[in-house]
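Hello,

Here is the structure I promised to pass on to you. Have a look at it first, and my notes follow below.

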Amino acid sequence: MVAFTVNGKAQTVGAGGDTPLLWALREHLKMTGTKFGCGAGLVDGEAVFSCQTALSDVEGKKVTTIEGLSPNGDHALQKAWVAEQVPQCGYCQSGQIMKAAELLSKNGQPSRDQIVEHMNSNICRCGTYPRIVRAIERAAKEG
């Protein structure tokens with residue numbers, strides 16, 4: 001059993017410590033916003049890739065998923081994503097938004113170069129990188 005907090009709620013998952021966080025979220029807790037390959041989330045405020053993070057690594061920590069960013073979708077980044085028409089296939093969007101949330105929590109007014117550098121590890125299959133950058137700039141300005 002591994003105990004940690006997800007989106008402000010204490011959770012206990014009965015899975016081995018080497019189980020990827022991704023599968024604990026999706027299969028055990030039924031939080032399907034996190035996707036394989038692009039499933040970034042925040043652990044104690046730091047972006048991690050949930051498919052590469054062992055469940056034991058989050059023991060006693062606070063995990064925030066896309067579902068916890070805003071229960072009703074009104075987070076500045078979520079609104080900016082819609083306004084800038086970022087999603088196409090949508091597969092990587094939760095990971096992109098969570099990585100952007102990490103950036104804005106540390107730097108509320110990042111430069112374009114800082115945005116590009118920070119987001120560099122997240123791949124968008126549809127290639128909507130210019131829209132992603134614009135959405136982050138908009139969220140920084142309006143959020």
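Which residues in helix H1 (residues 21-28) are buried? They are Leu21, Leu22, Ala24 and Leu25, where buried means under 20% relative accessible area, exposed over 50% and partly exposed in between (1.4 Å probe, protein chains only). Helices (H or I, at least four residues) and strands (E, at least two) are DSSP runs, numbered from the N terminus. After H1 comes Lys30, with a positive phi near 60 degrees.

Before you read on, please note that this is a predicted model, in which local features need pLDDT of at least 70 and side-chain atom pairs count only at pLDDT 80 or more, while totals for chains, interfaces and linings use all residues. Residues are numbered from 1 along each chain as its sequence is written, and side-chain values use heavy atoms, with hydrogens and water left out.

Now to the strands. In a regular strand the side chains alternate between the two faces of the sheet. S1 pairs with strand S2 (residues 9-13) in the antiparallel sense, over five bridges; two strands pair if DSSP finds at least two bridges between them. Opposite Thr5 in this pairing is Ala10 of S2. Two residues lie between the strands of this hairpin, and Asn7 has a positive phi near 50 degrees. S1 also runs parallel to strand S5 (residues 62-64), joined to S5 by two bridges, with Val63 as the bridge partner of Val6.

The largest nonpolar core has 23 residues, of which Leu77, Trp81, Ile132 and Ile136 touch the most other members. Such a core is a set of buried Ala, Val, Leu, Ile, Met, Phe, Trp, Tyr and Cys residues joined through side-chain atoms within 4.5 Å. Helices H2 (66-69), H3 (76-83), H4 (93-106), H5 (112-119) and H6 (129-142) each supply at least two of its residues. A second, separate core of 14 residues includes Val6, Val13, Ala15 and Leu21.

Finally, H4 and H5 pack at an angle of about 130 degrees, with their axes 10 Å apart. The contact (heavy atoms within 4.5 Å) is made by Gln96, Lys99, Ala100, Glu102 and Leu103 of H4 and by Ile115, His118 and Met119 of H5.

Best wishes

Methods:
Axes are lines fitted to C-alpha atoms, for helices over the stretch in contact, and angles run from 0 to 180 degrees between N-to-C directions.
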